[in-house]
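Hi,

Here is the structure I promised to pass on. Please open it first, then read my notes below.

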Protein chains: 2
Amino acid sequence: MTQSPQLSLFARRAAGQAIGDLMKVGVEHPDCLSLAAGFVDESGLPADLIRSSVCRILNGPDRQAVLQYGTTPGTAAVRSVFLRHLARLEDNPDVDRLSPDRIVLTTGSQQLLCLLTQALFEPGDICLVAAPTYFVYLGVLEAVGARVIPVPTDEDGLHPDGLEQTLQRLDAQGDLPRVRLVYAVSYYDNPAGVSIAANRREQIVRIVCRWADRCPVRLLEDAAYRELHYDGPELNSLWSYDESGQNVILTQTFSKSFSPGLRVGFSVLPDDLVRPVCDLKANEDFGSPRFSQAIMADVLEQGSAYADHVQQIRNRYRIRRDAMLAAADEYFSSMDGVSWRKPDGGLYVWMTLPESVQTGFDSPLFTHAVEACRVIYVPGELCYPSTWNERPANRMRLSFGVLPPEQIREGMRRLAQAVRDILEQSA
Amino acid sequence: MTQSPQLSLFARRAAGQAIGDLMKVGVEHPDCLSLAAGFVDESGLPADLIRSSVCRILNGPDRQAVLQYGTTPGTAAVRSVFLRHLARLEDNPDVDRLSPDRIVLTTGSQQLLCLLTQALFEPGDICLVAAPTYFVYLGVLEAVGARVIPVPTDEDGLHPDGLEQTLQRLDAQGDLPRVRLVYAVSYYDNPAGVSIAANRREQIVRIVCRWADRCPVRLLEDAAYRELHYDGPELNSLWSYDESGQNVILTQTFSKSFSPGLRVGFSVLPDDLVRPVCDLKANEDFGSPRFSQAIMADVLEQGSAYADHVQQIRNRYRIRRDAMLAAADEYFSSMDGVSWRKPDGGLYVWMTLPESVQTGFDSPLFTHAVEACRVIYVPGELCYPSTWNERPANRMRLSFGVLPPEQIREGMRRLAQAVRDILEQSA
């Protein structure tokens, strides 16, 4: 008989992430409409572009080189192409003159979040996050034993004064030396669809730079949704305000704007973090698939092909977002205490229910929604640090990324019915 | 001013892996012939097969599904195809009837080595390894703070009696509860080209199974080179002797037999390790690229296409191995105290020099070889635990995977010249 496995503390901390529960519900209830899935719109995925790109590459001079091992951060040629892409997004030709040595390619941007966190955190080290924030990253932080502290956040994102006050409080408590990161999803965030407002961006970076004189804090800017912009202002990255380039880590991915099946993410790192991240990545996988990276670089170099594709999916997602907002209006606006906001991009609408209605996995609403009304959502409480006592229990993340407009409308109708049933039961 | 980064202990332990030094030497001395590189033969990489496969997939019914997110261990369909492939390698149809739920797909097999080690090891936990062994895995073990203990090894691989005695010694010392893994590269290993002999395989598995009653030890079988078989006996996997399937972890990769640029590895895990490994992988990257996995599965399903390809590259590598052995004969056989052996597969010849000739990065030989004779090798000492006092200093790993036969011969000529020069200087 084999003994049950003795798992490391790291593995035990990583166990039981909420994403597992969510997927289980999805699998066990295939008849449900899912407003929970974080997938992208499959019907918009660029099969033809990728096929053309593969044919071009595999008939070209690098046809075998792209199938060989690469270097851990990705080949210099591909990193240069991604830097050029970033220069276009930033609308700043100087970006193209940065050293490609500061670019590291990963398996989606998720791998960068994970490697960077493993590189910086000892148990008890502190990460400041918006609340709510990206729940998968909360799991990564939990696995390294980080202390996660929410920073006051409103409809304009992370609040600069709140950030400053939080750092002052940590300083007064003697905890400043433990602060490692401020984590921010800067564009149309997961889960709330909130962007950090233009007039807060420079301020936030300045605060981090100032405190970085006294403690090893950096800002981790997760710009995963950056290119899914539908309306509202164009925003500069937080990273663009970091003059030295040594205080902000910028991470992006082509999973949302192009194809998650390729799993290509890239990041710009401060000089002194490139080596530690690459050391961990070398142990982990030597490097992410060169073939995927070569496809992505090839597509970016084909005139306006990539830009045209992104414009197309923006149009598709805008229609879906508007379908969700219209359905929210239609089915929820008559309910007291229900609110939501229009996101300018991304894939999510964040909805607040009356205080009395809890949304968690074990709540009457969740059970009723799944089992009777056949609709799934992401319970909002997942998006707050589990140790935070003040986390609201009456929020939901609703995704408009996966379902077509008419199913989004039907999903919202079912969800409103579920909420109404629960309100009536408790009345 | 930003403070220099405070890195985690984990990151500091992962720093300064030898692979970095090796790559640096390669980059700084492009005029050198490299017998060091662990790459595969680029000219044999299957560009046409992959192009056909991509066209088939991206014109087919799953054209967009393969570009979407998948599940963390890989889709069930692809895992089933890989299981069928394993059944063919094992020549055992029962394997095909195993649950695909025990298969986990990773970014090469390297990622499995890393995730599994992170899942099992606390600092001070013990891994038993052959000596010499795969040096990148030694780096992974070092990063988690593992205690690495070499087991007596000879030309027939890991010695069963040596393994038994090592476990008895650890038991007597009270260290048995800390033993987590026995790690073995079972076919044509990196670095020594040694396979565990047929008559030792069952014995080794039985020893591990027996001790597993008393401590949480498992056998990690790294079968990366399994399909690069040129001559000598066909060998059953160690895994095939594990009747319960709960004591041996088998990991394989398509990086050597097909294309490392796709980075597709797969493993069969004991039931109770699937979840912990997937939890860590979910934090790390959600899943390796589905597109690469779909290509690999498609190729495997195209009649004899994959088998034909593997036969072709075997023929090519056999010629290169023979070129290296012939050159060793030609240039080294007249030197006293130099020995090597013929590997039946894989990519490496392991050479022992006279005791007086050290081979390390800082040795006169290494410097002379690179700077004067323009040839690079892998110093053998990298392939032993750095804490092991008895590690021999006079070995080299020579790769015949990358260079064509005539350059292998020239590289060996240069290397023999370097050794002869050093012997003469010290005479």
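Start with Arg201(A), which sits in helix H8 (residues 198–211) of chain A. Helices here are DSSP runs of H or I with at least four residues, strands are runs of E with at least two, and both are numbered from the N terminus.

Before going on, note that this is a predicted model, where local features need pLDDT of at least 70, side-chain atom pairs count only at pLDDT 80 or more, and totals for chains, interfaces and linings use all residues. Residues are numbered from 1 along each chain as its sequence is written, while chains are lettered from A and ligands numbered from 1 in the order in which they are written.

Is Arg201(A) buried or exposed? Arg201(A) counts as buried because it has 24 C-beta neighbours inside 10 Å. The cut-offs: 20 or more other C-beta atoms within 10 Å is buried, 12 or fewer is exposed, and in between is partly exposed, with C-beta atoms placed from the backbone. Leaving out residues up to four places away in sequence, Arg201(A) touches Ile196(A), Asn236(A), Leu238(A) and Tyr241(A). Contact means that the C-beta atoms of two residues lie within 7 Å. Thr72(A) is 129 residues from Arg201(A) along the chain, and their C-alpha atoms are 32 Å apart.

Next, the domains. Chain A has domain 1 (9–37 + 308–426) and domain 2 (62–304); such bounds come from an automatic or database domain assignment. The C-alpha centres of these two domains of chain A are 26 Å apart.

Now the two chains. Chain A puts 71 residues into the contact, and chain B puts in 71 residues. Which helix gives the most on the side of chain A that touches chain B? H9(A) does, with eight residues. By class, that side of chain A has 38 nonpolar, 22 polar and eleven charged residues. Nonpolar means Ala, Val, Leu, Ile, Met, Phe, Trp, Tyr, Cys and Pro; charged means Asp, Glu, Lys and Arg; the others, Gly among them, are polar.

Last, the core. The largest nonpolar core has 287 residues. Such a core is a set of buried Ala, Val, Leu, Ile, Met, Phe, Trp, Tyr and Cys residues joined through C-beta atoms within 7 Å. Val208(A) and Leu415(B) are among the residues with the most contacts inside it. Beyond four places in sequence, Leu415(B) touches Leu35(B), Ala369(B), Cys373(B), Val375(B) and Tyr377(B).

Best wishes
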